[in-house]
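Let's take a walk through this protein chain together. Have the viewer ready, and follow along from the overall picture to the details.

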Amino acid sequence: MKISLFYEFALPRPWSDDDEHKLFQDGLDEVEAADKAGFSTVWLTEHHFLEEYCHATAPEIFLAAASQRTKDIRLGFGIMHLPPVVNHPARVAERIATLDLLSNGRVEFGTGEGSSIAELGGFGIDPADKRSQWEEALEVSIRCMTETPFTGFEGRHVQMPARNVVPKPLQRPHPPVWVACTRPASIQMAAEKCIGALSFAYTGPGPLAERVNGYYKQLEEIGVPATPQVNPNILAIGGDLSMMVAPTEKQALDRLGVGGGFFSFGIMHYYMTGQHTPGRTGVWERYLQEVDKDPTLAYGPGRGAIGTPAMVREFLRGYEESGVDELILLLNPRSHEATMEAIELMGTQVLPEFIERDEKAVAEKAKRLAPVLEKLESRRPKSSAPAFDEEYSFGGLPTGRDKFTATEIPEAMAEINEGRVQAAQRAKEERERGGQ
């Protein structure tokens with residue numbers, strides 16, 4: 001089992017002027033330390049308008065910065081929103097490919113639909129359309145990464161003519177594709193499409209084994225590749241997966257403070273039960289009020305990867321036994337110094353045994369899945385992408401309704417040319433004066 005880290009970049013109020021700046025700078029330091037410690041991947045979410053709960057709105061920017069301070073840790077989108085009004089598929093392809101090149105091929109392409117009213121409503125997305133938007137956008141973005149040129153698409157949500165989208169990713173044909181899975185039905189959907197399942201598992205390692213077995217059973221029995229590269233993996237992230245490691249259990253609990261439950265509380269607030277006034281509602285304040293009523297919301301002993309290295313090793317082994325391929329641990333708000341020490345302790349006293357076992361497990365899995373992958377490839381449908389029209393070309397000035405023509409560039413070029421003419425005239429006059 002691989003062990004990775006997950007960032008929401010929560011930032012509880014009250015805020016100072018430098019808090020967001022410090023948040024990202026601390027995050028870069030932590031990812032650099034995680035790379036040296038041996039964590040598999042740093043996964044960064046993308047959310048919009050979810051103040052306090054998540055300030056990670058442009059993951060590709062942070063991950064690009066992290067790519068230049070790390071060597072081995074993989075860089076995961078957990079997830080990138082694919083509805084076209086949020087991220088146009090061509091822009092998705094461009095950003096994924098650019099980061100893959102900058103990072104020397106370390107991108108994990110996690111995808112999703114979005115499901116909060118803050119985001120869906122903020123971007124004007126009808127919830128009834130979000131699955132079909134994701135499906136179209138995934139197809140187009142992958143085709144933009146892999147076709148030279150992309151030959152065009154006419155769908156319900158995406159319409160795009162032929163263009164050669166550049167650059168292309170370093171990982172060929174494309175980086176591993178994942179989809180966020182919040183319920184068993186979406187895990188089945190990931191298996192059917194033969195892509196990785198970013199599974200939210202709130203029920204602990206026992207029931208997780210059923211999800212893992214179900215994913216691989218569905219993959220083998222009904223999987224039909226939806227992308228050029230199959231990604232047969234399932235990972236887990238959940239509400240009990242906060243990480244805080246310290247020399248003693250008491251130190252770990254003290255350093256965790258009350259922040260361990262904020263991830264789950266934020267989900268409830270923004271996705272289910274909360275009423276939110278932008279720029280006014282105090283989410284952290286509401287969370288603290290709930291913790292006062294029920295202190296277990298902040299996680300007590302025995303909850304999560306919290307405690308001494310020995311306690312955390314034992315906790316993680318339970319998830320390893322579930323058969324999940326990767327486990328993502330949450331980092332809590334306002335805990336940078338403690339997190340840095342926790343990462344170091346993980347690297348020296350916890351991760352080595354898991355890394356060693358994972359290398360063997362990956363080799364065994366490859367042998368076990370070899371005949372399954374052959375079966376999946378035999379089911380792969382023929383491409384429905386249109387053939388490229390070799391007679392097609394584009395050029396000239398952009399025109400629109402009511403005979404509108406975008407003339408900015410011709411006007412600018414005319415000004416440039418006029419400047420050249422004037423410069424040449426001045427040079428001629430100076431030469432003539434010099435000859436007198």
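This is a predicted model: local features need pLDDT of at least 70, side-chain atom pairs count only at pLDDT 80 or more; totals for chains, interfaces and linings use all residues.

The chain has 436 residues, of which 50% count as buried. Its secondary structure consists of 13 helices and 13 strands. Taken along the principal axes, the C-alpha atoms fill a box of roughly 90 × 55 × 45 Å.

On one side, strand S2 (residues 41–44) runs parallel to S3, and four bridges join the two. Within this pairing, tryptophan 43 stands opposite glycine 76. If you trace the chain from S2 through helix H2 (residues 59–67) to S3, you follow a right-handed β-α-β unit. S3 also pairs with strand S5 (residues 107–112), again in parallel, through two bridges.

Now for some backbone geometry. Most residues other than glycine have a negative phi, and most peptide bonds are trans. Phenylalanine 9, in the loop between strand S1 (2–7) and helix H1 (19–37), has a positive phi of about 55°. Phenylalanine 49, in the loop between S2 and H2, has a positive phi as well, of about 70°. Are these two side by side in burial terms, or opposite? Phenylalanine 9 counts as buried because its relative accessible area is 5%, under the cut-off of 20%. Phenylalanine 49, at 45%, is partly exposed.

Two cis peptide bonds are also worth a look. One leads from threonine 148 to proline 149, with omega near 0°, and this proline lies in the loop between helix H5 (130–146) and strand S6 (153–154). Another leads from arginine 172 to proline 173, with omega near 5°; proline 173 sits in the loop between strands S7 (159–160) and S8 (177–181).

Further along, aspartate 325 is found in the loop between helix H11 (309–320) and strand S13 (326–330). Aspartate 325 is buried, with a relative accessible area of 15%, and its side chain reaches the backbone nitrogen of isoleucine 234 at 2.9 Å.

Our last stop is helix H13 (residues 408–435), the place of methionine 413. This methionine is partly exposed, at 39% relative accessible area. Together with Ile409 and Ile416, Met413 makes a nonpolar surface patch of about 280 Å².

Notes. Residues are numbered from 1 along each chain as its sequence is written. Side-chain values use heavy atoms; hydrogens and water are left out. Patches are made of residues with over 30% relative accessible area and no salt bridge: like charges are joined within 9 Å, nonpolar side chains (Val, Leu, Ile, Met, Phe, Trp, Tyr) within 5 Å. Accessible areas come from the Shrake-Rupley method with a 1.4 Å probe; for residues, only the protein chains shown count as cover. A salt bridge is a side-chain nitrogen of Lys or Arg within 4 Å of a carboxyl oxygen of Asp or Glu. Buried means under 20% relative accessible area, exposed over 50%, partly exposed in between (1.4 Å probe, protein chains only). Two strands pair if DSSP finds at least two bridges between them. A crossover is right-handed if, with the strands pointing away from the viewer, the path from the first strand over the helix to the second runs clockwise. A polar contact is a pair of N or O atoms within 3.5 Å; within protein, one must be able to donate a hydrogen and the other to accept it, and residues adjacent in sequence count only if both atoms are side-chain atoms.
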